[in-house]
Number of protein chains: 2
Amino acid sequence: MNGGNGKERIVHEVAMVVPKRIREEEEEGDCVEVLVTELKKRGMVVDRVVGLADEFLKVAAPWETLGNAAAELHIRKPTRLGIDLPFEMQGSEAFFRQPDGSLFSWFERFRCYQHLIYGIVNCEGYDVTLKLDGREFCWAAGESLVRRLESEGVIKQMFPLHDEFKRKELLQNWALNWWNCTNQPIDQIYSYFGAKIGVYFSFLGMYTQWLIFPALLGFIVQMVDFGSLQFLVLPSFFVSIILWAALFLQFWKRKNSALLARWQINYLVGPSQGYRFLGMEWSSLPFPKDFIKKIGNERAQEKEAYQRYEWFAYRKRFRNDVLVIVSIICLQLPFELAYAHIYEMITYDAIKYVLTAIYLLIIQYLTRLGGKVSVKLINREINESVEYRANSLIYKVFGLYFMQTYIGIFYHALLHRNFMTLRQVLIQRLIISQVFWTLMDGSLPYLKYSYRKFRARKKKKSEGGPSTGRIQIASRVEKEYFKPTYSASIGVELEDGLFDDSLELALQFGMIMMFACAFPLAFALAAVSNVMEIRTNALKLLVTLRRPLPRAAATIGAWLNIWQFLVVMSICTNSALLVCLYDQEGKWKIEPGLAAILIMEHVLLLLKFGLSRLVPEEPAWVRANRVKNVTQAQDMYCKQLLRSMSGEFASLAKTQQEQQQQQRQDSEQF
Amino acid sequence: MNGGNGKERIVHEVAMVVPKRIREEEEEGDCVEVLVTELKKRGMVVDRVVGLADEFLKVAAPWETLGNAAAELHIRKPTRLGIDLPFEMQGSEAFFRQPDGSLFSWFERFRCYQHLIYGIVNCEGYDVTLKLDGREFCWAAGESLVRRLESEGVIKQMFPLHDEFKRKELLQNWALNWWNCTNQPIDQIYSYFGAKIGVYFSFLGMYTQWLIFPALLGFIVQMVDFGSLQFLVLPSFFVSIILWAALFLQFWKRKNSALLARWQINYLVGPSQGYRFLGMEWSSLPFPKDFIKKIGNERAQEKEAYQRYEWFAYRKRFRNDVLVIVSIICLQLPFELAYAHIYEMITYDAIKYVLTAIYLLIIQYLTRLGGKVSVKLINREINESVEYRANSLIYKVFGLYFMQTYIGIFYHALLHRNFMTLRQVLIQRLIISQVFWTLMDGSLPYLKYSYRKFRARKKKKSEGGPSTGRIQIASRVEKEYFKPTYSASIGVELEDGLFDDSLELALQFGMIMMFACAFPLAFALAAVSNVMEIRTNALKLLVTLRRPLPRAAATIGAWLNIWQFLVVMSICTNSALLVCLYDQEGKWKIEPGLAAILIMEHVLLLLKFGLSRLVPEEPAWVRANRVKNVTQAQDMYCKQLLRSMSGEFASLAKTQQEQQQQQRQDSEQF
C-alpha cells in the first residue's frame with residue numbers, strides 16, 4: 001500500500017550474466033546457486049533465464065527491500081518540511097513522491113540495487129568454499145560475494161534492464177509519435193531514464209521549439225528583397241538572433257527550475273548550495289575525512305586546513321586548464337590552419353579527397369588522444385563529485401572539437417571574403433555532420449549488436465555440433481545483453497552517451513549562430529534536423545541500446561556555459577563577417593596598433609566574464625561548516641521528526657498527489 | 001539567564017518626543033501618563049526625561065518582552081536544524097545567537113520595539129477620552145494609541161537611541177583608532193548598526209586593503225622609466241588593473257558569504273532563495289493575498305495568475321527602466337555635452353567660474369528632480385521588498401550621476417587627446433569631490449545640529465523671560481534629538497545615508513578605473529582618501545548623527561552590479577584612451593562602417609551580459625509554491641520541534657558559543 005502503485009508489478013530492473021551450467025546435476029556449493037539463495041535471502045526476486053552461451057539472473061526488489069536499503073544507505077530525500085532528511089521506513093509518508101507516484105526515483109532505486117547486491121557478505125564467520133564446474137575458490141569471511149564472483153570471472157557483467165511495459169509505452173508516446181513534433185512526455189522520460197536524460201530531452205525540445213522564430217526570420221531574410229533597405233537587413237537579423245539566443249538560454253534556466261520543482265528535486269540552481277545537492281551527503285565532498293579527525297575539533301585549524309586544501313585543489317585545476325588551452329592553441333591550431341590552407345591551395349579534386357581522408361584519420365586519432373590526456377589530467381585533479389569531473393572533461397574536450405569544427409570555416413571566410421562559397425561550405429558541413437551523426441547513432445549500435453549475436457550463434461554452433469537451421473534467440477534479456485551500452489566516444493570513464501548527443505547539439509548551435517549572417521537559412525535546416533534528432537535519439541535509447549545507468553545531475557551543467565560562450569563568440573564572429581560583407585573590395589584599412597588594442601579589449605572582456613565562473617563565490621570552509629552543522633542536527637532529530645510527521649501527512653499525501661497530477665498536466669509550459 | 005549576557009544591562013533603545021507638561025499638577029487622563037502606564041503594562045521600562053522644550057520617553061525592553069513580541073510577530077530565525085522557524089519562547093535555545101551572544105539582532109529588536117509600541121490598543125471595549133493641556137480627544141476602542149497620538153501631534157517623533165556604552169567602545173576601537181588602518185571591529189559594528197551597515201564597512205575596508213596593490217603599481221608606472229619598453233607599460237598596467245578589479249569583486253563575494261556565515265544569517269547569495277530571505281515571510285512577496293483566496297485551491301489557476309502577475313510587474317518595471325534610460329540619453333546627455341563644450345570654448349577664467357556656478361546650481365536641481373521622478377516611477381512598480389525598491393532607485397539614480405560625473409571628462413579626453421590636461425582635470429575632480437563629500441559628511445550635520453539647538457534655546461529664552469546666562473542642554477537624549485538623521489540626499493523615502501556613502505565610493509572607483517591609463521597615480525590618492533573615509537563615516541555615524549534605523553539587507557546589493565558594470569566600462573574606455581595615446585597625431589583612420597559595426601558589437605555584448613540580470617532564473621510560481629508548502633509544514637511542526645530540540649541544545653549551546661568566539665577571532669581574514 002505504501003509503495004508503488006498499490007498493486008505492485010514486479011519489474012526486473014537489473015541483470016547479471018553468469019556462465020551456463022554444463023552438467024545437469026545439482027552440485028553442493030555451486031556458486032550461482034549460492035548467489036541466488038543469498039539474493040533471495042536479502043528480499044529480492046530472482047528470475048533465471050538460460051541463454052545461448054550464458055545464464056542470466058534477472059533481479060527485482062519489492063519496495064520494502066528497496067526501502068530498507070535506502071534506510072541503510074541514509075539516502076537523503078526531500079520531505080514536506082522543506083529539508084532533506086535521511087530516509088526511514090517508519091516515516092515514508094513524510095517524503096515527497098515521484099511524479100509517477102512511486103517513492104524512489106530510478107537513480108535512487110539503482111543505488112539501492114547496487115547496495116543490496118554488493119552488500120551480500122559472508123557472515124558465517126568462517127571461509128566458505130564455492131564451486132563452479134569443478135573449479136573451487138574460497139569466499140572469505142566478511143567478503144562481498146558479488147565482488148568475489150566478479151574477480152573470479154563468474155559474474156561477467158551486471159547491467160540495468162529495460163522495463164518492457166514502460167519501454168513500449170514510451171516507444172508509442174515518444175519515439176514513434178511523429179505528430180507532436182517537439183512535445184515529449186518529459187515526466188515519463190524522467191521516471192524511466194532519470195533526471196539527466198529527462199533534462200536533456202526537455203532542453204532539446206525547447207531548443208527546437210524556439211528555433212522556429214529564427215528559422216522563419218532567416219527564411220524571410222534569405223528570400224525577400226528589401227530594396228534600398230537591403231543593407232540594414234543583415235545587421236538587424238544579427239541583433240535579433242543574438243537577443244533570441246540570450247533570451248532562450250535565460251528562459252531555459254526558468255524551465256529547468258520549473259522541471260525540478262515538478263520532480264521535487266531540491267537542487268537550487270545557484271552556485272552555493274552545498275548541502276542541498278540532490279541527496280548527496282557531506283561525505284561526497286572531497287575533503288579527506290580522516291584528515292579532519294586528526295585535526296580534531298579545533299575550529300581555527302580546521303578552517304585553515306580547508307582553505308589550504310581548497311587552494312591546492314584550485315591550483316591543480318587551474319594548471320591543468322592552462323595546459324589544455326595552451327596545447328590546443330600551440331598544437332591543434334597550427335595543424336588545423338595548415339590543413340585549411342593546403343586544402344584551399346590545391347586545385348585537383350582527387351588530391352583534395354585524399355587529403356581530407358588523411359585529415360579525418362589524423363583527427364580521429366588526435367581527438368582520442370586529447371580525450372585520454374584530459375581524463376588523465378582530471379583524474380589528478382581533486383573534484384567535488386562525479387558530475388563535477390564530467391563537466392571538467394566536457395570543457396576540455398569541447399575546446400578540441402571547437403577548433404576542429406570552426407577553424408577551417410573561419411579561415412575560408414577570412415581568406416575569400418566570398419559569402420557564396422562560405423554558404424556552400426556551411427551547407428556541406430551541416431549536412432555531412434547531420435548524416436554522420438545519424439549514421440553513428442543509428443547504425444553503429446545495430447552493427448555491434450548484430451556482430452555480437454553472430455559471434456554467440458557461431459560459438460553455439462561450433463559447440464553444439466551441426467544443428468538444424470538457425471538458432472533463435474528467444475529471451476529478451478539475452479538480446480539486451482548483446483546490445484551495446486550508451487557510452488561516450490571519448491572519455492568513457494567519466495561520461496556516457498549523453499556527451500555525444502550534447503556535443504552534436506552544441507556544435508550545431510555554434511555553426512548556425514557563429515555564421516548566422518553568412519547563411520540565415522541554416523536555422524531552418526537545424527530546426528528540421530532537430531525534430532529528427534529527437535526521434536533518432538529516442539529510438540537509440542529505447543531500441544538499439546541497453547538502458548543507460550541513471551545519473552544524478554539535474555541540469556545540463558557545463559553545456560549551458562558552453563552555449564553562453566558560443567553566443568558571446570557569435571557576437572564577435574558575426575561582427576567580423578559583417579565587416580567582410582560591407583568591405584568586399586578590401587578598402588577598409590585597420591592600423592595594427594588599433595587592431596592590437598581591439599584584440600586586447602575583447603580578450604579582457606571575455607576574461608572578465610569568465611572569471612566569475614573560475615573563483616567560487618563561497619569559501620569551502622563556509623560550505624563545509626554549514627553542511628556539517630546542519631546535517632548533524634538534522635540527523636539527530638530525523639527519526640523523531642519523521643514519526644510525528646508521517647501520521648499526519650498520510651491523509652495529506654493523498655490530496656497532494658492529486659494536486660500534483662493536476663499540476664503536472666499544466667506545467668508543461670513553464 | 002536565557003537572554004542577553006546573563007546579568008542584563010538595561011539599555012534604552014527607542015525614544016519618543018512628547019510635549020512638556022505646562023501645569024505642574026497631575027491631571028486625570030493625561031495622554032502622556034496613559035501612554036507611560038500602557039508601555040509599562042506591556043513590560044517595557046520607561047525613563048522620562050524633561051528637556052528644554054519637550055519631554056522624552058526613553059523606552060527599554062527586557063529580553064522576555066522582546067521574546068514575546070518576536071513570538072507574536074512570528075519572526076523567522078535560523079535554528080540549529082538548518083531551517084528558519086518562527087520564534088517561540090519555549091524553544092529559544094534552539095535558535096542561533098548573535099556573535100555578541102544576544103538572541104536578537106538589532107534589526108529584530110527594533111522590529112519588536114515597533115510592534116510593542118504600536119501594538120497598544122484600546123481593549124476596554126469603549127472609547128476613552130484623553131487630555132493634553134486642556135485639549136481633549138477620543139481614543140476609540142480597538143485603535144492603536146501611538147498612532148492616535150501621532151496623528152494628534154502629541155508624539156512628535158520616535159527614533160532609535162544610541163547605546164552610550166557601546167557607542168564609546170566603538171568610538172575608541174574604530175572611529176578614533178587610526179593605527180589599524182583598514183582593520184575594523186566588524187562584528188561590533190554589525191551588532192550595533194545592523195547587517196547592512198556592517199557589510200558596507202567591511203566592503204570599504206576590503207576595498208581599501210586591495211587598493212594597495214594598484215596604488216603601488218601605479219606609483220611604479222608613473223615614476224619609473226622603462227626605456228625602450230615604455231610603450232608596453234600602459235597596456236600591461238591596464239590588463240593588471242582589470243584583472244585586479246575582477247578578482248577583487250569575486251573575492252568580495254566570498255568575504256560576504258563568510259561574513260553571513262559568521263553572523264548566522266541564512267541568506268544564500270544565489271538568486272533563487274525565496275523563502276530563506278532573512279526571516280521575511282512569504283507574505284512579503286508582493287502577490288496580493290486576498291487575490292489568492294479568491295482563486296481558492298486550484299493549482300492550475302493559481303499558477304496562471306502568478307505568471308500573469310509576474311509578467312505584469314515585469315512589464316511595468318521594464319517600461320520604467322526604458323523611460324529612465326531614454327530620458328537620460330535624450331535630455332541629460334546633450335545638456336552635459338553642451339556644458340563641457342562651452343567650458344572648453346571659453347578662454348576667460350572669470351566666465352568659466354560663473355558658468356560652473358550656474359551649472360552646479362542647475363545639476364543640483366536636476367538631480368533632485370531625477371530622484372523625485374525615479375521615486376514616483378518606483379512607487380508605481382510592483383517590487384518584492386523594500387530592499388528591492390531601494391535597489392531599483394539606486395540603478396536609476398546612478399545613471400544620472402554617471403553621466404554627470406564622467407561625460408565631461410570623456411569629452412575632454414576625446415577632444416584634446418592630451419594626457420597632461422586630462423590628468424589635471426582628473427586630479428581636480430578627485431580632490432574636489434573628496435573635499436566636497438568630506439564637508440558634506442562632516443560639517444552639514446553639525447550645522448544642522450547647531451541650528452536646531454540654537455532655535456530651541458532661543459525659544460526657551462523667549463518663553464522663560466530674561467534668564468541668567470546660557471542655557472545648558474544636560475540630557476543626552478535631547479542632544480540626540482537635535483542631531484539630524486542618517487538620510488539620503490535624494491530619494492529619502494526609500495534610502496538612508498548609506499546611499500550617499502556608497503555613491504561616493506562607486507563614483508571614485510569609476511573615476512580611477514575608467515581613466516586608469518591616463519592617470520595611474522589615482523589609485524594611491526584613492527587609497528589614502530579611503531583610509532580617511534572610514535574614519536569620517538564612522539565619526540558621522542557615531543557622533544554627529546542619530547543612530548540609523550536598522551535595515552534587513554545583508555549584501556551591498558545593487559552596488560555590486562554597478563561596480564561590475566564599471567569594470568566592464570573601464571575595459572572599453574581604457575582601450576579608447578590607449579588608442580588616443582598611440583595615435584596622438586590623429587593619423588589612424590577608422591571607416592564609419594567599421595565604427596558602426598564595432599559599436600553594435602559592444603552594445604550587444606553589454607546586452608548579453610545584462611540580460612541575465614533582467615530575466616529571473618526561477619518563475620515566480622515555482623518560488624511561491626515552494627515557499628508556501630515549506631512554511632506551512634514548518635509552522636505546523638514548529639512548536640513540537642523546538643520543544644524537543646531546546647532541551648538537548650541547552651548544553652550544546654554553551655560549547656558552541658565558545659567555539660564561535662574562537663571562530664570569530666580568526667575568520668576576519670575570510
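Predicted model: local features only at pLDDT ≥ 70, side-chain atom pairs only at ≥ 80, totals over all residues.
Residues are numbered from 1 along each chain as its sequence is written, with chains lettered from A and ligands numbered from 1 in the order in which they are written. Local features need pLDDT of at least 70 and side-chain atom pairs count only at pLDDT 80 or more, while totals for chains, interfaces and linings use all residues.

Colleague: How many Å separate the centres of domain 1 and domain 2 of chain A?
Modeller: Domain bounds come from an automatic or database domain assignment. Domain 1 covers 14–161, and domain 2 covers 169–286 + 383–618. Taken over C-alpha atoms, the separation of their centres is 36 Å.

Colleague: How many residues does domain 2 of chain A give to the contact with domain 1 of chain A?
Modeller: Two residues are in contact if their C-beta atoms, placed from the backbone, lie within 7 Å. Domain 1 of chain A supplies 25 residues. From domain 2 of chain A come 29 residues.

Colleague: At which residue does helix 7 of chain B bend?
Modeller: Helices are DSSP runs (H or I, at least four residues), numbered from the N terminus. The bend is the angle between axes fitted to the seven residues ending at a residue and the seven starting there. Pro214(B) follows within four residues of the bend. The angle is about 30°, at Ile212(B).

Colleague: What percentage of the residues of chain A count as buried?
Modeller: Buried requires 20 or more other C-beta atoms, placed from the backbone, within 10 Å of the residue's own. Chain A has 19 helices. Of its 670 residues, the buried share is 38%.

How values were computed:
Helix = DSSP H or I, 4+ residues; strand = E, 2+ residues; numbered from the N terminus. Buried ≥ 20, exposed ≤ 12 C-beta atoms within 10 Å, placed from the backbone.
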